[in-house]
Amino acid sequence: MSSDKVDKILAQWLTVRPDLDCSAMGVVGRLRQTSGVWKNKLDPVFQEYGLSSIEFDILATMRRSGNSAVTPTELYQTLMLSSGAVSTRIELLVKRGFVQRIASEQDRRSCKVTLTKKGIELVDTALNDHVANMNNMLSVLSSQEQDQLAKLLKKILLAEQ
């Protein structure tokens, strides 16, 4: 197998600190590099549809919620974003005709948001390209390797909760 930048870093640490096991640095370093590389491959697909990654996430979250309207609070809790960030993006998506607000009959300060027909069409089309892009990004791994990686990353994330 070929060497990568992280191998060079690990070799350098081995030279100056042979007493220290830096193998964790190899895993974390590669995950960080992968994250950056993948962000650069994901964003152009969203931009192709005039969306930021946050806007795509909002539309996709609403789409997978079915046809039910969701509150901005439900969105920001699901997306782990601030309420202000979600509110600003919802406003932009409303102006562009992808989302509509539905006023609450019980509380005039509250509203729900739902996708418009135009929003559903946009997110469905963008989602097709997004999934194809992710499949391409993972094509270097076999199905079994992808499954194994998903399980290992899940294990790490669950331990952090």
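The questions and answers below concern this predicted model.

Biologist: In what order do the secondary structure elements of the chain run from the N terminus on?

Modeller: The secondary structure consists of seven helices and two strands. Read from the N terminus, the order of the elements is α-α-α-α-α-β-β-α-α.

Biologist: Is the chain spread out or compact by the globule rule, and what is its radius of gyration?

Modeller: For 161 residues the globule rule gives 15 Å, and the chain lies well over that value, so it is more spread out than a compact globule. Along the principal axes, the C-alpha atoms fill a box of roughly 65 × 30 × 25 Å. The radius of gyration is 21 Å.

Biologist: What percentage of the 161 residues counts as buried?

Modeller: The chain exposes about 11,500 Å², and carbon and sulfur atoms supply 55% of that area. A residue counts as buried under 20% relative accessible area. Of the 161 residues, the buried share is 23%.

Biologist: How far apart are the centres of the positive and negative side chains?

Modeller: The chain carries 21 positive and 18 negative side chains. The centres of these two sets are separated by 4 Å.

Biologist: Which elements are included in what covers the buried residues of α2?

Modeller: The buried residues in α2 are Gly26, Asp43, Val45 and Phe46. Their cover includes α1 (5-16), α3 (53-64) and α6.

Biologist: Which residue with a positive phi follows α2?

Modeller: The phi of this residue is near 70 degrees. The residue that follows α2 with this positive value is Gly50.

Biologist: Which residues does Asn133 touch, leaving aside those up to four places away in sequence?

Modeller: Asn133 belongs to helix α6. Its relative accessibility is 13%, so Asn133 counts as buried. Its contacts beyond four places in sequence are Lys41, Leu42 and Val45.

Biologist: Is Thr61 buried or exposed, and which residues does Thr61 touch beyond four places in sequence?

Modeller: Thr61 is located in helix α3. With a relative accessibility of 5%, Thr61 counts as buried. Beyond four places in sequence, Thr61 touches Leu75, Thr78 and Leu79.

Biologist: What is the separation of the C-alpha atoms of Asn133 and Leu75?

Modeller: Leu75 is one of the residues that Thr61 touches. Along the chain, Asn133 and Leu75 are 58 residues apart. Their C-alpha atoms are separated by 25 Å.

Biologist: Where is Thr116 placed, and which residues does Thr116 touch beyond four places in sequence?

Modeller: Thr116 sits in the loop between β2 (111-115) and α6 (117-137). Its relative accessible area is 16%, so Thr116 is buried. Leaving aside residues up to four places away, Thr116 touches Gly97, Phe98, Val99 and Gln100.

Technical notes: Residues are numbered from 1 along each chain as its sequence is written. This is a predicted model: local features need pLDDT of at least 70, side-chain atom pairs count only at pLDDT 80 or more; totals for chains, interfaces and linings use all residues. Side-chain values use heavy atoms; hydrogens and water are left out. The radius of gyration is taken over C-alpha atoms; the globule rule is 2.2 Å times the number of residues to the power 0.38. Buried means under 20% relative accessible area, exposed over 50%, partly exposed in between (1.4 Å probe, protein chains only). Accessible areas come from the Shrake-Rupley method with a 1.4 Å probe; for residues, only the protein chains shown count as cover. Lys and Arg count as positive and Asp and Glu as negative; His and the chain ends are not counted. The place of a charge is taken as NZ of Lys, CZ of Arg, CG of Asp or CD of Glu. Contact means heavy atoms within 4.5 Å.
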